[in-house]
Amino acid sequence: MKSSSGFLETSERWIATNMGRLSPFLLSSFCITLFFTCFLVYQQNPFKSIFDQNDLTLLPQIDPECDLFKGHWVPDKRGSLYTNSSCSTIPDSKNCIKHGRSDKDFLFWRWKPDGCDLPRFNPKAFLSMVRGKKMIFIGDSVARNHMESLLCLLSVEETPKDIYKDGEDRNRVWYFPSHDFTLSTSWTKFLVAGQERLDGNKTGTGLFDIDIAKMDHGWSKGLPNTDIAIVSAAHWFFRPIIIHRGDETLGCIYCNLPNTTQITPDEGFKIVYSAVFKHISECKNCKEELVTVLRTISPSQFENGTWDTGGACSRTSPFGENQIDLQSYEMKIRTTQIQQLEGVTKGDYKGKKFAVLDVTKVMLMRPDGHPNGHWGNKWMKGYNDCVHWCLPGPIDAWSEFLMAIIRKLR
């Protein structure tokens, strides 16, 4: 059997020799047949060289003056690029439809910024932008939730390889070979080093010590090899925590210990995030154009109780801006997080790039997007999940924001 190059060479010679002998009809028929034969002979799609270029000029332009995070949710009949059955990597606990969620209206809304448009996610263009890069989501299980959403969106274009999973399935690494793109998560409670105090029986007491002088080794060790880091951690801060800087105790959240300064969760966020961004900005072994994206706090939306007292999130449609509390603790923490990032970007950070993925207000309007009771947790029957987000669902918009941010920073 001739090679594809030999096949093309022979075919071209035949055309040149017999062009004048063919009627227009036969000539056009032969050309069509030849085109589709070449299509089948080539192992790779011949369109690939056209559409796989690192060229985003065909994507809609975004007004640089427009605030992407100020807007509202609008109906969208198209829904997500994937379904709960078409994406094979959806974790069972986020597959809400599989676990009995019957209403589907939550799938048919898109975020619309005021005064401009947020382009729909384009997996081909996204993979083109991150070709040869390593992207890591640093944070808790909501950071993992975002990575899982992005993974499903990108899988529409290329099936990734699952190349690493730790024993607790908290840290994952996926690889897109056609684009040499690595997507991973590094699970961390507090971003900085921390551990839970144990009692005499070596049982956890629920009280944590964290040290802002040391970063969590799980993510910090890999930072020098990272091109894009999405940093977020929030929900573990709402428990008794003593914050240290080396041997110095700075204060305590929710613990009421004697001779210890009491601080609020948003003050704790300020201390921790300031240390984290300082560490990243001063990282000497990191890549010069490391991109760090702060993803602001994503709200938990329990109503009529907390997670362990019967709280639920049963709504089936988004809120308008006039229905959310702009003075909520989530909005205060969101402001604190952004302020710490802005403090870093005012200094000399030697080419590193920083940006904000501001989801707090956006997601306060989506109380309908959580699994609620549809998360299939056999060990926690009767409890609802109003912290994480269904896949597919409104969390998919986070990757549209991320794509816009990366495109702007290119």
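The disulfide of Cys 283 and Cys 286 has a torsion of about 80° about its S-S bond, so the link is right-handed. This is a predicted model. A search of the whole structure finds six disulfides.

**Disulfides**

- Cys 283 and Cys 286 are joined with an S to S distance of 2.1 Å. Both cysteines are buried.
- Cys 87 is bonded to Cys 152, with the sulfur atoms 2.1 Å apart. The torsion about this S-S bond is -85°, and the link is left-handed.
- Cys 87 sits in the loop between strand 1 (71–75) and strand 2 (109–113), while Cys 152 belongs to helix 5, so this pair ties together parts that are 65 residues apart in sequence. Cys 87 and Cys 152 are both buried.
- Cys 252 and Cys 255 form a disulfide with S to S 1.2 Å. Cys 252 has 0% relative accessibility and therefore counts as buried. Cys 255 is also buried, at a relative accessible area of 14%; the cut-off for buried is under 20%.

**Helix 10**

- Helix 10 covers residues 396–409, which makes 14 residues. At 1.5 Å a residue it should span 20 Å, and its end C-alpha atoms are 21 Å apart, which agrees.
- Of its 14 residues, 12 are buried, so helix 10 is largely enclosed by the rest of the structure.
- The buried residues include Asp 396, Glu 400 and Arg 407. Among them too are Trp 398, Phe 401, Leu 402, Met 403, Ile 405 and Ile 406.

**Helix 5 against helix 10**

- Helix 5 (residues 141–155) packs on helix 10 at an angle of about 80°, and the axes lie 8 Å apart. That angle makes the two helices roughly perpendicular, because angles of 65 to 115 degrees are classed that way.
- From helix 5, the contact uses Val 142, His 146, Ser 149, Leu 150 and Leu 153. From helix 10, Asp 396, Trp 398, Ser 399 and Leu 402 meet them.
- By class, this contact holds five nonpolar, three polar and one charged residues.

Key. Residues are numbered from 1 along each chain as its sequence is written. This is a predicted model: local features need pLDDT of at least 70, side-chain atom pairs count only at pLDDT 80 or more; totals for chains, interfaces and linings use all residues. Side-chain values use heavy atoms; hydrogens and water are left out. Helices (H or I, at least four residues) and strands (E, at least two) are DSSP runs, numbered from the N terminus. The expected span of a helix is 1.5 Å times one less than its number of residues. Buried means under 20% relative accessible area, exposed over 50%, partly exposed in between (1.4 Å probe, protein chains only). Axes are lines fitted to C-alpha atoms, for helices over the stretch in contact, and angles run from 0 to 180 degrees between N-to-C directions. Angles under 35 degrees count as roughly parallel, over 145 as roughly antiparallel, 65 to 115 as roughly perpendicular and the rest as oblique. Contact means heavy atoms within 4.5 Å. Ala, Val, Leu, Ile, Met, Phe, Trp, Tyr, Cys and Pro count as nonpolar, Asp, Glu, Lys and Arg as charged, and the others, Gly among them, as polar. A disulfide is a pair of cysteine sulfur atoms within 2.5 Å.
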